[in-house]
Amino acid sequence: MRIACPFCGERENGEFTYLGDASPKRPNFAVDGGESPERVEDAFYDYVYLRDNVAGVMREYWYHGGGCRSWLVAERNTITHEFISVTAAPGAGAALAVRAGE
Amino acid sequence: MKYSIFSLAKAALSGHKGWTRAWRDPAPKSRYDVVIIGGGGHGLATAYFLAREYGIRNVAVLEKGWIGSGNAGRNTTIIRSNYGLPGNVGFYELSMKLWERMEQDLNYNTMVSQRGIINLYHSDAQRDAFARRGNTMRINGIDAELLDAVQIRKELPFLNYDNPRFPIMGGLLQRRAGTARHDAVVWGYARAANDRGVDIIQNCEVTGFVRDANGKVIGVETTRGRIDAGKVGMAVAGSSSRVAAMAGLRLPIESHVLQAFVSEAIKPLIPGVITFGAGHFYVSQSDKGGLVFGGDLDGYNSYAQRGNLPVMEDVCEGGMAIMPMIGRVRMLRQWGGIMDMSMDGSPIIDKSPVDGLYLNAGWCYGGFKATPASGLVFAHLLARDEPHPEAALFRLDRFRRGAMIDEKGQGAQPNLH
Amino acid sequence: MADFSWNTQSPLQQALVPGRHGGAGTHMGVTLEEVRGVSLVQVMARRGRTAETIKAAKKLFNVEPPDTPRAVSGRNATLIWSGPDQFIVLSARQTDDQFARLTEAFAGVASLSDQSDGRCLIRIAGSGARQALAKFSSLDLHDSVFPAGAAATTAVDHSAVNFWREPGSVDENAVFNMLVFTSFADSLWHTILDSCLEYGVQASVAHAA
Amino acid sequence: MSGYSQSEPLARTAPMEASVRKGATPVSQSHRLPGDGIIDRRSPLQFSFDGKTMTGFAGDTLASALVANGVKLVGRSFKYHRPRGIVTAGSEEPSALVEMRTGARREPNTRATTQELYDGLIANSQNRWPSLRRDLMSINQLFAPIFVAGFYYKTFMWPAKFWEAIYEPMIRRAAGLGKSAELPDPDHYDKAWAHCDVLVVGAGPAGLSAALAAGRAGSRVILVEEDTLIGGRLLSDGGEIDGLDAREWLRGAARELVSLPNVRIMTRTALFGVYDGGTYAALERVSDNVAMPDRHQVRQRIWRIIAKRSVVTAGAIERPIVFSGNDRPGVMMASAVRTYVNRFAALPGKRVALFTNNDDGWRTVETIERAGAHVVAVIDPRHEVPAQYQRLVDTYDLRVLAGVVSDVKGGVDGVRSIVVTNDRNGLTQRIDTDCLAVSGGWNPNVGLSCFHRGKPTWREDIAAFVPGNAPKGMATAGAANGELSLGACLREGHGAGARAAAECGAAGKPGEASKADEEVYAIAPLWHVKGKGKAFVDFQHDVTASDVTLAQREGFESVEHLKRYTTLGMATDQGKTSNINGLAIMAEATGRTIPETGTTIYRPPYAPVAIGAFAGHHRDENFHATRLTPSHHWAAKQGAVFVDTGLWKRAQWYPRAGEKDWLESVTREVLAVRNGVGFCDVSTLGKVDVRGADAGVFLDRVYINAFSSLAVGKARYGLMLREDGIVMDDGTTSRLAEDHYFLTTTTAKAGPVMQHLEFCRQVLFPELDVQLTSATDQWAQFSIAGPNTRKLLQALADPSEDLTNEGFPFMGAREVKLRGGVTARLFRISFSGEMAFEISVPARYGAAMAENLMIAGRPYGVTPYGTEALGVMRIEKGHVAGPELNGTTTVDDLGLGKMMSKKKDFIGRVMAGREALTAPNRQVVVGIKPVDRTRRLRSGAHVIPKRAVPGPQTDQGYVTSVCFSPMLDQWIGLGLVERGRERIGEIVRITDPLRTEDYEAEICSPVFYDPEGVRQRG
C-alpha cells in the first residue's frame, strides 16, 4: 500500500500509523457550561466508541510518523484499498487554523 | 447416515456410491421461529444448539455464499481458553469443554487436537503478566502452567535459545489448548443441525430487515425473497456493521483485515501451538503437514479479505527469530479474513436496541475458538431472551457504562487489540 | 578542585571501524562516512509566522529555506526541509552559543530545538551506493525522481531518518546524506554496512568544516 | 543484482557443501541427445540423486539432467505413495519434488524442474521409506478404497482419547512431504526496492515485445523472468520471427534491451504477488544455482517493485487429461517433452506416444522424430488430423488413432504400454511405449491478474479461463491473455507495452511489432476419460475423478467446498495443473457449465517463497533495531548486565566480584543510594520540547492537572489520560521559559505519547501556537540520588551555582554551568524518594558525564545503579509504573484522584466519569507485605479474603510489582486490590497456584519508606 503524503509525496504505508475514522468530532463543551453530565457523556461515548465502519470510501486519520510527522486525512476505499485523496490535518505545519468544529 | 469406520468400510464395497448429502439444500420457507443470518461456525452452532438444547427446530440459517466462506474457513484453527479477565475466562472455558466432546456430539471428526499452546515470554514484565493470567485461569479451574527457559527447552527443544535479541525466558502453557479442523467444524455443525430439522440455505443474502409498525424486526428481505421470523439473530462477524446498519444501528466495531499463512507440507516439526512474545508470530502445524501461522492485523479498516506485504514480512521475521530452521521452508498461501474488531477486544452477545434483532458480534480474532460456546450462549439468548450466565458481561452497553473487557489494555483503538 | 574533562563520544565509536570491508576484489563500490562535529538545529515556524521565518532565514543564510523536500546550500549552512514549515540548519559546530544566537535571530517567529546530539550524520556514496540503499530505503533514487538537492523525511528499519542528496552531486558521484537518531545509529550502521558488503565498502570518519 | 544472465558465465564455481560420493563412476547420460540445445557441453557437472552419482551440463535443470540420465521415478505421491515422475518442465510441476542439499541447508519440496544443476548438487527423493523404489508406505494403496475424499471426517472418533494418542500421530507421520532442516538456516537473505514505470512479467515473446515497445518509448522498464534465460517458449518451440530463426531473433531482442539504459532485466526472478498501490513482489534466486552463496552474497532476495503500470505476459500452462493411470512415471506434458528435447537435448522416451485434443500438441511429433526417436502413435479424440499437420502424417508415416487413452500400464520404471479406446466403436488396442506425451490444451496464467479477488472469464474457443477484472494498472497480453499463437503474442505484447508506456507519459516511439505466423489453435475439450482404475486430477494430493464426484454426491458442490473437502489444488503447486480439470468434472457432475461452476480464489504467492526470504536481514541480532543509551559503552566496561526495554538496552545492575546473585548486587546498589549517593542513566525517558505561545494552554488540555500556572524554573509531575478516561502515561514536565516546556514520558510510551501530542496539536487544537520536537536522543540524562547528592553536584557544578535548598528547592528546574565549561539542565525531582536531581547534558557528553560523576562522587562512595535498583526504590516509595499503568486503571485506581483538575476540560475527563470507572468496588493500588517476613512475594499472585477459597467470586485482585526491600528487610509489593484503600491493615490470602504458593499478607499503604517525604526535600 502506498500513501501520497501531501508534503512528502507517495510513500510506503510502513512510514504511517493508522488511527481510524476521521468523521467523529470531539465534543466541544465549556466546563460548567450548564450541559447535563449525561448528555456530555453520551456525546463522548458516541465520539469515542461508535463507528459507521464504512464498506466503501471512508475518511480516516493517518500519521506520517516515519516521515514529516504530519497528521493526514485520507479518503480511502475499504473494499479496494484505493486512496481517493490525502490532505493535511488543519493544524499540520504552521498554517493558521481554527479549532475543528468552530 | 451415521459416520463410522464400519459405514465407511461398507460404503467402500459399493464404491462409495451410497453416500448422501451431508446437509439438505432446501428452498427457504416463508416463516421460521428463528432466522440466523450467517452460515459460519457461529451461526450453524447457534442453530444446532437451538434445536438440541432449546427444542427450537423451525430455524433457518441464511448464508450469502457457501457455508464457512467467512472467517470460519479463514482462521488459523487455534482453540484455547487462556484468558485473564472476568467474562472471557468462563466463556472460553465453556467453549473448551464443548470442543472436548464435539466429535461425539456431532458424530463428525472435527480433528480437535489438544496438543497445547505455549505463549513465550521474553521479559520479567511479560512473565508477571502471564503469571497473573495463568493464576486467574487456575483460580477458575482451567489448566495452566508457567514454565521457565529450562522447562520450555524440554517442551520445544528446536527453538532458537541463542537469539541475542529478546531471548526466550519462559512461557505460559495450556496443555488442553490446541487446534481443530476449521472447515470440518462448519460441516459438522451443518450436518448435525440439518439432522435436527434446521434449514441451511446457501447463496441467500440478506438485503434488509422487515419491521412492523413499532419498528420490531419481524423478518428479513433476501436475494431469495422475504422470510418472516419470530426472532432474527445475526452472526456475521466481519460484516456486523454492514448488517446492523440495515437496522439503523451503529456498533462499537471496526472491520480489520487479519492475514494468515500456510507453508508447504513438511514432515512433523511442531507439536502444538507456539506464540512469540517479542514479535508478531504464532504457529502450529496442520495434520497435512503445513505450518499454519500468522501475526498482527494489517492495521487499517478493510473489507478486502486480502492483506499487504509489510505484515507478511513482519510475521516471517518473527518466525525466523524463534525458529531459524524454517528459513528454507516455503510459504505456500497467504489470505486475509475480516475481523469484527470491537472497541475493547471482546465480543458482544446481546439483544440489540432494535426489538426482535439479536447481536453476536465483535469477535476480533477470538472467533474460531469461541464457536461452540458462542452457539450455545446465543441460542440461550434467542430462546430465553436473557443472557446465558457465561455471557452476562458481553453486553452492548458496557462501553457506555465503562465496563470494558480489555485484555490488552489498549482502549478504544480496535487495531491495537 | 580541578576542572572536569568533557570528552565527546560518537554513537558510532564502536560500530564504525575505519577501513575496507567486504567486497570480492580491490574495488570498493561504496564509501561510508560519519561526519562529526556538526550543529543541527530544527527550525519550526510559529503559527502563522511562516513568512517571517523565511525572511529571517534568508537574512541569516542568504538563501530561502526550502518549502518542498529539498536541501539548499546557504551561507555557512545547509538548510534541509524536515516537514511543513520547518527545516534543519546543518552547519559545522564552532561555538557553544551557536544555538543561542540562532534562537535570538528567530525569536518570536519560529521555535528552535537543538538536535546536534539527537542525530548522527552518515554519508553514503560510490558506484554501489544506490544498489545498497535499495536494500534499506524505499525511496526511488533515480535521477529523474531524486536529483541533486532532493530531500526526504523517511524511515529506515522503522526509525525516522532525514535523507537528502548532496546539492550539486551528480551521476556516479552522487552523495547521499542520512541523519539518523543517535540511539539507533549503532544498530542502523550495521544494517547499512551489511547492505553494502557485497560491493566492497570504504568506511571512514570525517569532521565538519 | 541480476543482469542479463545469458551474458553471465553459466556455472559458478563454489565449494561443495557435502561431497557427492566420489569413486562411484557417474552414470552415463544415456538419454542425452547429440543435437544442440541450450546447454554448455564444455562444462560437465557432477550431481547425485538418492546417493547415485550422475553427470549433466551447465544449463541443465535437475529435471533435465535426470531425464538425460534416463531416470523416470523421482518421487512418491502424498496419500497413496504412488510412484511419480517428471510431468512438466516448469514451476507448475506437481510431482517431481525433491529434498535439496543436506544438513542445515536441507530444503524440502524443491521442484526438480526449476532447480538449476550445479557441480556437487545433492538431491534426494522424499516421502518414501525405506527407499524410493521399495516404498513400504505404498501399502496405503491397498486402503485406497477407504481413503477416499474426506474419509477422516467420518472415522477416528472413538474412543475420543485415541485421536491425539494414536490416530493423529499416525496421520501426521504419513502426511507431509519433505523434511525441513533442523538447524538454523546458515544462508543470508535480503529485501530490496525497485521502482519503474512499466513492469513486464515474463520474458517470452509477448513480454519481450512489451519490454521493447515500452523501452523504446523511453519509460523506465523492469522485465522479470523466473527462468534463468529469457525467451519463454521460444527456447523450446523455436519458430520464425521477422523471417529469422526464433533464437536469432531472441539474441537481437536481448541485445537491444540490454542497450537501453532505461530497461532492467531481472532473470531468476519470479513475480509472486500483487499488492496495493502498484506494489509487486518478486523473488530473485541469487545463489540457488551454486552449492553455497559466495561470501557477502545472499541466497535469495525479495524485491518490492513499485510500478505505475504492469504488463503480465506470464504465458500459459499446458493442461493434463484425466484418465486411468495418467500419473505413471513417463506420462509427461507434451510441451515438457519438447522442452527437454529442444532446450536440454534430453530425450524423455525413445518410443513416444502422443495424446492430444488440440493442434498445439501435434508440434511434438516433429520434435521427437527430428531427435531420432520415434512417435509410435498419435491419439486424438477429434477423429481427424489438423490440416496443417497432415504433412507430418505423410512424412513420418504416422500412426494416428481416433479415440482416447483409457489406461496406462507400467510401474516404478515408468510407462510400458497404453490402452487406446476408440470412443465411437469402443474397440481398444494396446500400444507399447516408454513415454506418453499429453496435451489437454492450455490454461492462461490468470493467477496474478486475480490476486485482488478478480474473477477470470471463460473463453469457449480455447476452452480456458482468461484474465477478468485485473488489478488497477495491470494489463495482460499473449498466452497469459489467451492468445496462443506466436504472431498474436508478439503483436499483443507490443501493443500492451506501448500503451503502458504512453500511460506513464513516455513520449518516445515504441517502434514496430515483430511479426510471425498466427497459427490456428483448434481444440475439442476433453477433461476426463471415464473408465476403471484411478484417474488423477491432482497428482500431488492424489485427488481422483471419483473423489470429485463423491464430494458432489455429499453436497460439497461449491468449488471452495470441493477444494477443502478433497484438498484438490491445495498442494505445493496450488493446483496449477489440476484446478480447471477438477471443476470441469464437478461442472459435468452437477450439470452446470464451467463458468457457472467458477474457480476458487487465486491466492499469492504465485509460487511458494522461502520464509527466510521474507525475513531478509531481520533475524538474529538484527531482528529489531537496537537503541543504546549515551553511557552504554561505559556501562558495559563496568560489567553491567543489560536488559531489553522496548528496543533499548538498559543497565539492569552492576555486579561486583564476589556477589552471589543479582539480588545481592541490587541490594547493594539500593543501600548505596539510600545511605550515600548513586546515579542511573535515565536517557531512555521520552523527552519532548514543547514550545510556542500557547504551550501552557496546550499542556493543560493533555494533562489532568494544570501546567499553564507552573512557574518558569519549576517542574511538576503530570498524568495524561486516553480519551476513554484511562491513564495513558505520566512524567515530570518543567517550564524552562515562558514559551518553553520540557516534557518527559515513560520509556515505553515515548513514541505513542509523541504521536498523541501531535494529534492534539494538529487535529484537536490546531488553533494553538505550539511546536513539538522529540529531544529524547539529544540529551544524556542521569538521575543522581542519595543524601550526598548535593555534595557530589557541588563538586561537579561551577562554584557560582547555588544548589542549596534555597537556591535550588525541591521541584526546581534550570540550567547550570559545570566545571570544565559544559552547561547542563538540572531538575530537582526524585523517583527514589531520596534527595535527588536529574541532570541532562548533550548526548555526546554522556560517557564523560558518567565518568565525571564517578570522579566527583568518589569521596562519597558514589555507585552506579541499574533499572532493578531504580525499581526497588520506586516500589518502596509507592510510585506507580508500567505494571500499574496497565491500560485499564483510572487516576483514582492509582490513588492520584486529587490531581484531577475540575476547572478545565482535558483529554479523557468526561469518559473517566462513567459509572463503572468510578464504582466503589474497583481494584486500587495498595501496598502488600507478607505476614511471614521471610516470604518471597511474587508478581502475578492473586489476592483473596483471608479465609476464602480461591474462585472467581473470591478473586479480589493481584500483585503488580514486587521487590526485596533492603530498608524493610523483606519482600514487599504493590497490588491492585478491590476496595484496597478501605482495607489497610487487613490480612488477606495470597494465592499463586502456578507456583504452588499460598500465604498471608497485610494490605498496607503503598508508601513503605519515608511516607512524609522528608528525605527528598532534605
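**A loop of chain D, then other parts**

Mentor: D:Pro130 sits in the loop between β7 (121-124) and α2 (162-174) of chain D. Here helices are DSSP runs of H or I with at least four residues, strands are runs of E with at least two, and both are numbered from the N terminus. The peptide bond that joins D:Trp129 to D:Pro130 is cis, with omega about 0°. D:Pro159 is found in the loop between β7 and α2 as well, and the bond leading from D:Trp158 to D:Pro159 is also cis, with omega near -20°. For background, most residues other than glycine have a negative phi, and most peptide bonds are trans.

Two notes on reading the values. This is a predicted model, in which local features need pLDDT of at least 70, side-chain atom pairs count only at pLDDT 80 or more, and totals for chains, interfaces and linings use all residues. Residues are numbered from 1 along each chain as its sequence is written, chains are lettered from A and ligands numbered from 1 in the order in which they are written, and side-chain values use heavy atoms, with hydrogens and water left out.

Now the other kind of backbone exception, a positive phi. A:His81 has a positive phi of about 70° although it is not a glycine. A:His81 belongs to the loop between β5 (71-77) and β6 (83-88) of chain A. A:His81 counts as buried because its relative accessibility is 2%; buried means under 20% relative accessible area, exposed over 50%, and partly exposed in between, with a 1.4 Å probe and protein chains only. In chain B, the phi of B:His16, again a residue other than glycine, is positive and near 60°. B:His16 lies in the loop between α1 and β1 of chain B and is buried, with a relative accessible area of 5%.

B:Trp19 is placed in the loop between α1 (5-13) and β1 (31-37) of chain B. At 3% relative accessibility, B:Trp19 is buried. Leaving out residues up to four places away in sequence, B:Trp19 touches residues of chains B and D, among them B:Met1, B:Tyr3, D:Leu550 and D:Arg553; contact means heavy atoms within 4.5 Å. Among the 5 pairs of chains that touch, chains B and D have the most contacts. Chains B and C do not touch, and their nearest C-alpha atoms are 11 Å apart.

Chain B also meets chain D through a helix. Helix α7 (residues 182-195) of chain B is mostly covered, with 13 of its 14 residues buried. The axes of α7(B) and helix α12 (residues 559-566) of chain D come within 10 Å and cross at roughly 115°. Axes are lines fitted to C-alpha atoms, for helices over the stretch in contact, and angles run from 0 to 180 degrees between N-to-C directions. So α7(B) and α12(D) are roughly perpendicular; angles under 35 degrees count as roughly parallel, over 145 as roughly antiparallel, 65 to 115 as roughly perpendicular and the rest as oblique. On one side of the contact are B:His182, B:Asp183 and B:Trp187 of α7(B), and on the other D:His561, D:Arg564 and D:Tyr565 of α12(D).

A second pair of helices lies within chain D. Helix α17 (residues 662-675) and helix α22 (residues 867-876) of chain D pack at an angle of about 60°, and their axes are 9 Å apart. That is why α17(D) counts as oblique to α22(D). Where α17(D) meets α22(D), the residues include D:Trp662, D:Val666 and D:Val670 from α17(D), and D:Ala869, D:Val872 and D:Met873 from α22(D).

Last, chain A has 1 helix and 6 strands. From the N terminus on, the elements of chain A run β-β-β-α-β-β-β. The C-alpha trace of chain A spans about 45 × 35 × 20 Å along its principal axes, and 57% of the 102 residues of chain A count as buried.
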